[in-house]
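Thank you all for coming.

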Amino acid sequence: MKFSVLDKQTIQCIMTEAEFADYGIEKEALFQNDGRVQEFFREIMQQAQENTGFNKKEGNVAVHASFLSDESLAITFSVDPKLRQSMADETAGKVAEKIQ
């Protein structure tokens, strides 16, 4: 696995086909977003943080996964602390509408 810090909010992991296969998850499963896939992404995020020193302090994490032409897997994790506040504001607004 190769880990890279792309910017202060984004890290990336490139995994070979063999490394991905070691986790026992099939390619098609990535598109189903079940519990195994979510746990896989959490584990890779943890490894990425340990290998790069990247520190996710708060905020939501967007995960983008795609297969490259050589069948390796590119996983990009983007942290957006503003997204958490935006979602909280939106939820508060909906609650306020229902109360009125």
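This is a predicted model: local features need pLDDT of at least 70, side-chain atom pairs count only at pLDDT 80 or more; totals for chains, interfaces and linings use all residues.

Let me start with glutamate 39, which counts as partly exposed because its relative accessibility is 44%, where buried means under 20% relative accessible area, exposed means over 50%, and partly exposed lies in between, with a 1.4 Å probe and protein chains only. Residues are numbered from 1 along each chain as its sequence is written, and side-chain values use heavy atoms, with hydrogens and water left out.

Glutamate 39 forms a salt bridge with arginine 42, their closest N and O atoms being 3.6 Å apart; by salt bridge I mean a side-chain nitrogen of Lys or Arg within 4 Å of a carboxyl oxygen of Asp or Glu. Both residues belong to helix α2, where they sit 3 residues apart, about one turn of the helix. Helices (H or I, at least four residues) and strands (E, at least two) are DSSP runs, numbered from the N terminus.

The structure holds 3 salt bridges, and another of them brings together the side chains of lysine 27 and glutamate 71, at 2.1 Å from N to O. This pair links distant parts of the chain, since lysine 27 lies in the loop between α1 (17–21) and α2, and glutamate 71 in the loop between β3 and β4, 44 residues apart. Lysine 27 is partly exposed, at 27% relative accessibility, and glutamate 71 is likewise partly exposed, at 31%.

What order do the 4 strands take in the open sheet? The order is β1-β2-β4-β3, with antiparallel pairing, and two strands are said to pair if DSSP finds at least two bridges between them. At the edges are β1 (2–7) and β3 (60–67), each of which pairs on one side only.

Turning to the chain as a whole, it contains 3 helices and 4 strands, which follow the pattern β-β-α-α-β-β-α along the sequence. Of its 100 residues, 27% are buried. Finally, among contacts (heavy atoms within 4.5 Å) between residues at least 6 apart in sequence, 50% join residues at least 24 apart.
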